[in-house]
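Hello,

Here is the structure I said I would pass on. My notes on it follow below the model.

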Amino acid sequence: MPKAKHDAEIFYNSSPYKDAFDIEYPQENLEGEMYKYRCKFCKIVTTDINGRLENHAPDCEYRLRRMNQAA
Ligand SMILES: [Zn+2]
């Protein structure tokens with residue numbers, strides 16, 4: 001698949017960083033922002049989280065849960 005097309009499909013078919021690190025957290029769509037999603041727990045948008053656990057809020061329930069799993 002040509003890369004440009006592949007990128008477009010990722011953009012249109014899924015949350016923006018599907019192939020990044022850690023995207024298993026529950027997400028919710030931002031009201032009125034078709035392509036913006038945020039973590040259901042800490043309300044940080046996915047583009048700020050960027051697929052990285054450490055970008056969730058320090059007290060994010062999902063982050064704490066994952067860190068407990070990793071330990
Ligand atoms: Zn979070």
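Tyr25 sits in the loop that links H1 to S1. This is a predicted model, and what follows should be read with that in mind. Tyr25 has 23 C-beta neighbours inside 10 Å, and the cut-off for a buried residue is 20 or more, so Tyr25 counts as buried. Setting aside residues up to four places away in sequence, Tyr25 touches Cys39 and Tyr62. Its C-alpha atom is 9.4 Å from that of Arg66, a residue 41 positions away along the chain.

Ile49 belongs to helix H2. Ile49 is buried because 27 C-beta neighbours fall inside 10 Å. Beyond residues up to four places away in sequence, Ile49 touches Cys39, Ile44, Asn55 and His56. Ile49 and Ile23 are 26 residues apart along the chain, and 9.2 Å separates their C-alpha atoms.

On the overall layout: the secondary structure consists of three helices and two strands, in the order α-β-β-α-α from the N terminus. The protein has 71 residues, and 14% of them are buried. Of the contacts with a separation of 6 or more, 25% are between residues 24 or more positions apart.

Leu30 is in the loop between strand S1 (27-29) and S2. Leu30 has 14 C-beta neighbours inside 10 Å and therefore counts as partly exposed. Not counting residues up to four places away in sequence, Leu30 touches Lys36, Tyr37 and Arg38.

Lys43 itself lies in the loop between S2 and helix H2 (46-49). Is Lys43 buried or exposed? Lys43 is exposed, because 12 other C-beta atoms lie within 10 Å and a residue is called exposed at 12 or fewer. The phi of Lys43 is positive, near 65°, and the residue is not a glycine.

Asn50 is in the loop between H2 and helix H3 (61-70). Asn50 has a positive phi too, of about 55°, although it is not a glycine. Most residues other than glycine have a negative phi. With 16 other C-beta atoms within 10 Å, Asn50 is partly exposed.

Last, the confidence. The mean pLDDT of the protein is 80, and 68% of the residues reach 70 or more. Among the elements, strand S2 (residues 37-39) has the highest mean pLDDT, 96, and helix H1 (residues 3-13) has the lowest, 55. Over residues 12-20 the pLDDT is below 50. That stretch has 17 contacts in the model beyond near neighbours in sequence.

Regards

Technical notes: Residues are numbered from 1 along each chain as its sequence is written. This is a predicted model: local features need pLDDT of at least 70, side-chain atom pairs count only at pLDDT 80 or more; totals for chains, interfaces and linings use all residues. pLDDT is the predictor's confidence in each residue, from 0 to 100. Helices (H or I, at least four residues) and strands (E, at least two) are DSSP runs, numbered from the N terminus. Two residues are in contact if their C-beta atoms, placed from the backbone, lie within 7 Å.
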